[in-house]
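Here are my notes on the model, as numbered points. Have the structure open while you read.

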Amino acid sequence: MLQSVNDWTLALNNRQNVAIAHIDYAKAFDVVIHVKLLHKLSAYGIAGDLLAWIRAFLTGRSQCTRINQSYSQYTHIESGVIQGSVLGPLLFLLYINDVTDVFNDDCKCKLYADDITIYSILGNACNDADIQDKLDELQNWSDKWQLDISYKKCNALLLSNKKEKTSLALTLCDKQLPIVDTVKDLEVIMDSQLKSDVHVNNIVLRAHNIANLIHKCFVSKDPPTLMKALLVYVRPVLEYASCVSPQSVGLIRKIESVQRRFTKRFPCCKHMTYNDRLVKLNIDSLDVVCDWILYT
């Protein structure tokens, strides 16, 4: 995410457009073909007892469905990595790893589990030929390795600082990708101008709701106890993906307002400044760089 946002920010600063396509595979962990997975593992240099052990781990499995005390017939499993296992996600990553060979410097690819984000710097003109060619190659790669793309979850986003809306038309397997104004990537919501206002408003609302529940539901009103609850349940919501969001002082102040309001509700801190409350409760602000603005 950090690498992608850095590339997109540099492009926008240079008055260039960025075409982004988000691709999602349907039931990705369940459709990995065992024979093809073992072939890839062998190509990576895995051999001997280790390869034989992985083959034994994957093959010879069967499953059935139970409803109350009724069981369906057993079915032999010929595909899929074992979900819930330590080895399963690693085997899937090895299976999908070479998809990056499809792309180059003109069209980059970022992977996270079964989610693929590809993007291309378009320059001043909206020439989406490069990314369209790579989408076609991605489709061919997916067909070859029998991974089904979930077209309903795929979309495209055009990043641009220009007031005039530029058209973007991308297709995947003869299906046009919907062009969206905002997209959620790794739970971070961004818009077509790479702003995170919607994302910050969303997490601040969630954090305020959780903070209010802590004050309401905890029998103990002991500040150290409630602060531990804040650090466990609220701060992770606000601090997630902080390396890419927020980008402005106004959004930083919105995020800080959650902790500011939470500490203000302690009777012993009611008449203190935010700076004094932080010292008394022995906690840090969410953004030390902006302390000169936040300590009011």
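**Charged pairs, a hairpin and the cysteines**

1. Lys 134 and Glu 137 sit together in helix H5 (residues 129-144), three residues apart, or about one turn of the helix. Helices here are DSSP runs of H or I with at least four residues, strands are runs of E with at least two, and both are numbered from the N terminus. The two side chains form a salt bridge, with the closest N and O atoms 3.5 Å apart. By salt bridge I mean a side-chain nitrogen of Lys or Arg within 4 Å of a carboxyl oxygen of Asp or Glu. Lys 134 counts as buried at 11% relative accessibility, while Glu 137 is partly exposed at 35%. The cut-offs are under 20% relative accessible area for buried, over 50% for exposed and in between for partly exposed (1.4 Å probe, protein chains only).

2. Before going further, some ground rules. This is a predicted model, where local features need pLDDT of at least 70 and side-chain atom pairs count only at pLDDT 80 or more, while totals for chains, interfaces and linings use all residues. Residues are numbered from 1 along each chain as its sequence is written, and side-chain values use heavy atoms, leaving out hydrogens and water.

3. How many salt bridges does a search of the whole structure find? Five. One of them is in helix H7 (residues 223-239), where Arg 235 and Glu 239 are four residues apart, again about one turn of the helix. Their closest N and O atoms are 2.7 Å apart. Arg 235 is buried at 12% relative accessibility, and Glu 239 is partly exposed at 37%.

4. Lys 108 also forms a salt bridge, with Asp 7, at 3.6 Å between the closest N and O atoms. This pair links distant parts of the chain: Lys 108 belongs to strand S6 (residues 108-112) and Asp 7 to helix H1 (residues 2-13), 101 residues apart. Lys 108 is partly exposed, at 32% relative accessible area.

5. Now look at strand S11 (residues 182-185). S11 runs antiparallel to strand S12 (residues 188-191), and four bridges join them; strands pair if DSSP finds at least two bridges between them. Lys 184 has Ile 189 in S12 as its bridge partner. The two strands form a hairpin with two residues between them, and Leu 186 in the turn has a positive phi of about 55°.

6. (Lys and Arg count as positive, Asp and Glu as negative; His and the chain ends are not counted.) What the Asp 185 side chain does make is a polar contact with the side chain of Thr 117, at 3.5 Å. Such a contact is a pair of N or O atoms within 3.5 Å; within protein, one must be able to donate a hydrogen and the other to accept it, and residues adjacent in sequence count only if both atoms are side-chain atoms. Leaving aside residues up to four places away in sequence, Asp 185 touches Met 1, Trp 8, His 22 and Thr 117, with contact meaning heavy atoms within 4.5 Å.

7. Last, the cysteines. The disulfide count is zero, a disulfide being a pair of cysteine sulfur atoms within 2.5 Å. Cys 109 is buried at 14% relative accessible area, while Cys 217 is exposed at 52%.
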